Amino acid sequence: MNLSAIQIVHLYNRAGFGINIDEFQTVRKKNVEEIVDDIFQKATNYKPLAISFSSDIPTKKFAEMSAEEKKEIVKLSKEGVKTLNLAWLNEMSSSTAFLQEKMAFFWHDHFACGDNNPVFMTSYCNVLRENALGNFRNLLFGVSKSAAMIKYLNNKQNKKDSPNENFAREVMELFTIGKGNYTEKDIKEAARAFTGWSFEPGNPDFKFRPLLHDFDEKECLGKKGNFDGDDILNILLEKKETAKFIVSKIYAYFVNPTLDENRIAELTDSFYNSKYDIGKLMETIFKSAWFYDDKNIAQLIKSPIELLVSYNRKFAINYLNENTQLFVQKAMGQILCMPPNVGGWSNGVQWIDSSAILFRFNLPQLLMGNLLNNVELKESGDDNDELKQLKNENLKTEIDWNIITSKVQFEKPKDIQKELADFLFSKPPKNLNLEFFIKSTQKADLVKEIALRLLQLPEYQLN
Amino acid sequence: MENRRNFIKKTMISGAGTMLVPSFLKSMEQRVDLQSIESDKKLIVIQLSGGNDGLNTVIPFKNDFYYKNRPNIAIKSDEVLKLTDEIGLNPFLLPFQKLIDKGDLCIINGVGYPNPDHSHFRSMDIWQSGSSANEYWNTGWLGRYLDNFCSPNDFSSSTKGNARLAMELDEMLSLALKGNTIKGMGISDLEKLKKAVGNPYMLNVMADFNFEDLNEPLVYMYKTMQETKDAVAYLAEKSTKKQSKTDYPQNKFGKNMQTIANLISAGVDTKIFYASLSGFDTHANQNQRQGKLLETVANSLSALQQDLETAGFWKNTLVLVFSEFGRRVAENGASGTDHGTANNVFVLGGNLKQAGIYNPIPNLEDLEDGDLKFSVDFRSIYGTILENHLGLNQHKVLGNDFKTLNFI
């Protein structure tokens, strides 16, 4: 099967963060099998994030530190999480393993977690990235045993004599079988099985504390036994509802928010029978003819991260101020490593309101054009907010327009517009006349002006 | 009269009474009823971001336990503005004392929710969405009010400007005002916004767009742009009509309250106004910081009250003042307080059923991990406002029927 320009852009929008002109020109002549195989081949090139932290992050308990030590550690931690945020964003923006990063980003939304400990968060992010296209079982176990998640969902406080149900509830409701497939009693019993799942201060590795674990018999999801946490996760994976829950979420996120129940059933069967092979599921989706149906194209709205990364991938933006990308994330309401809650971000039209649409309309000109930033961020109530100091940041960047200009074949504004639109849109704007908004005569300036005008359009927000 | 109003409200909401009415008539009827009965009601929500220390706001000045736990930051009993023999206000809240005397301010104590969360973000999320602590909702309670207030037809007929029905005095819109189909709008500076929506390229792009396009997310984005533009034009026209001469504090919050008073006085159809004041996260050197902030709140709201009274709108206005949590009973080592739970909520209005102290403050000696226990679920207050002020069945917005209170 050969793909049209729109279908190629569609594939790269969904399997990654958009296509650049180079990639576009390269894959134009290939068929879908070749293109998808190539994307999967490149996905193996990812590298774990290695953030070097100031070596003297103390390992003692926060409560036992002196006031000065506390202040210092809070400062270091904030910087660490910021560094991690930008490091991951950088991988998304430049790595050839974009499919791996896109999947990891999806799992970050699915297994949503945030913490101010950069060591914990780095380890958690790497679990997501390592297993993003691997086996869902490994991913589920890895995340559930990460210090970041154990801390986030209070499992450290889950003890034999005083169980805390937070993790047990969310692992069922949000991570595996979904609402309606378990009872309150199942949660209570599962919480007992997860007692003793913990970590040591400063160490992201899992630590089982037998003294806090409830070794007695539990009855959960129709089974009886002296279950521990591993057993509960395995019981959840045995339920086909888990495969269906994950497939539905992936379908809504990568194919169409309106679910097609027949396709979901087919994909669920093969996902379950493959013992939760994520890569295989994604390959099936991207190689299916129905994925390229008109009704599945341009049905999503780019999340703030997807939007920002798409600019970066297309124009190789060089940021002159390291806070710029943090400012933009905050202004649009999606900050990597800081999801709003364990439910993750609300996608689709929930990203769009009057402020957001104006900001998105102006963003290309703010970052790459001549518009000056006068956007005021919402004040957070938190006195320790790591992004509190971001105010009226200078958002200027550097882009070498000659590189992209050299790839553009045509000279006349109308033709340049068409050529750029081909790789920018999966739903190209109709009847757009830029005549009155283009002033340049030099080709490189023309390319820049036209590109920015196209990026401003609501059509570009579609994914 | 009251009964007829309630009857109409109830039948409108349950749908049972309108079952036999053809649907095109029903939507007409619904719109007319809502507008004629309730459109004059206004709700102003004030968010104190950071977790206002309730115990130094509404003070149990006869309680030894209060003074024992706060050797450095307790407000001295002779400085407290006395409301009863045991409870008084922070000295910076003098205008509030006057409003209580006037019968226009009610204090609800011990407001919270089960399994309280100590994180700013999460707790604010819960207050703004109106969910329980173990639920994660992606819409706000006022947004869902909008969803129910506006019939879907209003939205699909495009440019009526539903967004302006709820306005936040900020550039970014809070979750509280985001509904499933309708969202409020954020405005911090009308002039700036006027410039933004007057962008020639944007106007050109909007004019060229075919609103009949079948791509729903795309139409949604263009409609949002169009609605914003229309709302700005509407507000710009209205805002020249009324200029308050009352003194407001010379800061952003004071200015925001003045904007709200001007717009309401000019007769805008906006029903909900939302504004925040930040800085209440007083982990250190609390008293001076909190005093200044409380003074801003009280003076601004007092000026707003005067303006609306003069303009004749005060009797239809309700103001709700809340914070995402209160603070711990005991002070910390830095003359401040750390994150707590249950807190007091202020309700102001020209048509209150009850003013002053609505209910007792929580027992300071019966704590849960150092925190006060709540006695009133915050959604009871939302439910009361929805039903008794805005005239909407709370179930539609909160998914539950909370016990309504008796303050309005």
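Among contacts in chain B between residues at least 6 apart in sequence, what percentage join residues at least 24 apart? The figure is 70%, where a contact means heavy atoms within 4.5 Å.

## Basis

This is a predicted model: local features need pLDDT of at least 70, side-chain atom pairs count only at pLDDT 80 or more, and totals for chains, interfaces and linings use all residues. Residues are numbered from 1 along each chain as its sequence is written, chains are lettered from A and ligands numbered from 1 in written order, and side-chain values use heavy atoms, leaving out hydrogens and water.

## Chain B overall

Chain B has 14 helices and twelve strands. These are DSSP runs, with helices (H or I) of at least four residues and strands (E) of at least two, numbered from the N terminus. Of its 408 residues, 60% are buried, meaning under 20% relative accessible area with a 1.4 Å probe, protein chains only.

## Helices α4 and α12

In chain B, the axes of α4 (residues 94–102) and α12 (residues 286–311) come within 8 Å and cross at roughly 40°. Axes are lines fitted to C-alpha atoms over the stretch in contact, with angles from 0 to 180 degrees between N-to-C directions. The pair is therefore oblique, the class left after under 35 degrees (roughly parallel), over 145 (roughly antiparallel) and 65 to 115 (roughly perpendicular). From α4(B), the contact includes Phe96(B) and Leu99(B). From α12(B), it includes Leu301(B) and Gln305(B).

## Cysteines

The whole structure has zero disulfides, a disulfide being two cysteine sulfur atoms within 2.5 Å. The sulfur of Cys113(A) has its closest cysteine sulfur in Cys125(A), 8.6 Å away, too far for a bond. For Cys125(A), the nearest is that of Cys337(A), at 3.9 Å. Cys113(A) is buried at 0% relative accessibility. Cys125(A) is also buried, at 0%.

Definitions and conventions:
Buried < 20%, exposed > 50% of the residue type's maximum accessible area, 1.4 Å probe, protein only.
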